[in-house]
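Have the sequence and the 3D view open as you read.

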Amino acid sequence: MHGAQSKRDLAMELQAQLPILRPSIHTRRANLTVKFQDLYGFTVEGNVDDVNVLNEVREKVRQQGRVWWALEASKGANWYLQPQVSSLSEGIVLKSSLKISALANAMTLKKLIRKGIPPVLRPKVWFSLSGAAKKKSTVPESYYNDLTKAVEGKVTPATRQIDHDLPRTFPGHPWLDTPQGHAALRRVLVGYSFRDSDVGYCQGLNYVAALLLLVMKTEEDAFWMLAVLLENVLVNDCYTNNLSGCHVEQRVFKDLLSKKCPRIAAHLEALEFDVSLVTTEWFLCLFAKSLPSETTLRVWDVLFYEGAKVLFHAALAIFKVPFQFPFGSSFLLIIFLPDILKICSVVKTILPELI
């Protein structure tokens with residue numbers, strides 16, 4: 001009798017330990033890492049479940065792309081430029097002479113951009129709506145080629161810093177981290193450093209210009225996108241020597257965080273944690289170094305149309321996501337699924353007691 005009881009006890013003990021000895025399918029899936037390249041050549045790494053969510057989001061983006069193609073077919077290839085629409089921080093402003101159909105086009109365009117521009121259309125849409133095409137039209141056709149030839153071989157503090165940063169820009173990328181990629185990125189950055197001596201070159205611009213090169217495909221288009229970004233889209237003096245514009249952005253964001261997320265702001269203040277230690281890189285690199293490329297470009301879709309306010313929306317959304325995941329009040333939260341999981345770990349480290 002005693003022996004039978006001992007066997008039953010032993011069996012129950014082994015049964016209790018079985019989940020430990022034989023991990024569940026969910027546990028094994030969570031530990032299974034998958035690696036693949038995204039649309040722009042960057043390596044994406046995550047477990048099977050995260051990759052499945054990413055594929056679901058991509059499918060929704062592809063479905064949204066069909067709306068763009070339908071409009072391209074029905075209204076013409078440049079429907080979003082007819083009529084010309086300008087975008088301000090307060091909203092969309094149309095000329096008084098335009099008809100109601102123009103307003104409908106503008107509102108449709110704004111909604112479509114927020115839901116994501118198809119990658120194939122992205123270079124054309126960015127170049128037109130950001131103002132880069134207009135800026136390029138004000139100078140001779142050979143401006144970029146003449147500029148790159150004129151500055152070839154010249155050495156300045158900016159060119160020395162650029163040469164130092166080239167190998168550190170997305171190391172391991174199949175094109176950017178090659179002699180051809182380095183040469184193309186160098187021409188864009190050096191050319192702009194001579195175009196605007198007040199900016200010259202600031203660390204962080206290498207990541208922005210590199211991603212622009214991957215999207216726009218040509219050096220000249222990437223150069224003009226960088227020009228319109230620094231001269232028209234972003235806050236003034238963000239990349240000057242004293243980074244005064246960036247410091248202003250950080251102060252504004254701290255005030256915004258206190259207003260919109262008072263609990264988070266109070267907790268950070270209690271920890272004596274300066275939020276700019278994290279957010280400065282976000283604003284200088286426009287999230288290119290912090291978020292996966294496909295996520296970053298969804299933010300840039302809106303940035304080039306609606307302006308610098310989008311950076312504040314995105315930064316706020318990142319702080320909100322650990323509390324509201326998977327959905328929240330900000331439309332940008334949808335953009336960050338599931339890529340935001342990669343950056344949420346940073347926020348969770350900072351805010352462990354609130355999550």
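This is a predicted model: local features need pLDDT of at least 70, side-chain atom pairs count only at pLDDT 80 or more; totals for chains, interfaces and linings use all residues.

Residues are numbered from 1 along each chain as its sequence is written, and side-chain values use heavy atoms, leaving out hydrogens and water.

Helices here are DSSP runs (H or I, at least four residues), numbered from the N terminus. Axes are lines fitted to C-alpha atoms over the stretch in contact, with angles from 0 to 180 degrees between N-to-C directions.

| Helix pair | Axes come within | Crossing angle |
|---|---|---|
| α9 (residues 179–195) and α10 (residues 205–216) | 10 Å | roughly 120° |
| α7 (residues 143–151) and α11 (residues 219–233) | 10 Å | roughly 90° |

Take α7 and α11: their angle makes them roughly perpendicular (65 to 115 degrees). Y143, Y144 and L147 of α7 touch E219, E220, F223 and W224 of α11 (contact means heavy atoms within 4.5 Å). Those residues split into five nonpolar, no polar and two charged.

Over at the other pair, A184, L185, V188 and L189 of α9 meet L205, N206, A209, A210 and L213 of α10. This contact has eight nonpolar residues, one polar and no charged.

Finally, α15 (residues 293–306) has 14 residues and reaches 20 Å from first C-alpha to last, close to the 20 Å expected at 1.5 Å a residue. In α15, 14 of 14 residues are buried (under 20% relative accessible area, 1.4 Å probe, protein chains only). Just after α15, G307 takes a positive phi of about 100°.

Terms used:
Helices (H or I, at least four residues) and strands (E, at least two) are DSSP runs, numbered from the N terminus. Ala, Val, Leu, Ile, Met, Phe, Trp, Tyr, Cys and Pro count as nonpolar, Asp, Glu, Lys and Arg as charged, and the others, Gly among them, as polar. The expected span of a helix is 1.5 Å times one less than its number of residues. Buried means under 20% relative accessible area, exposed over 50%, partly exposed in between (1.4 Å probe, protein chains only). Angles under 35 degrees count as roughly parallel, over 145 as roughly antiparallel, 65 to 115 as roughly perpendicular and the rest as oblique.
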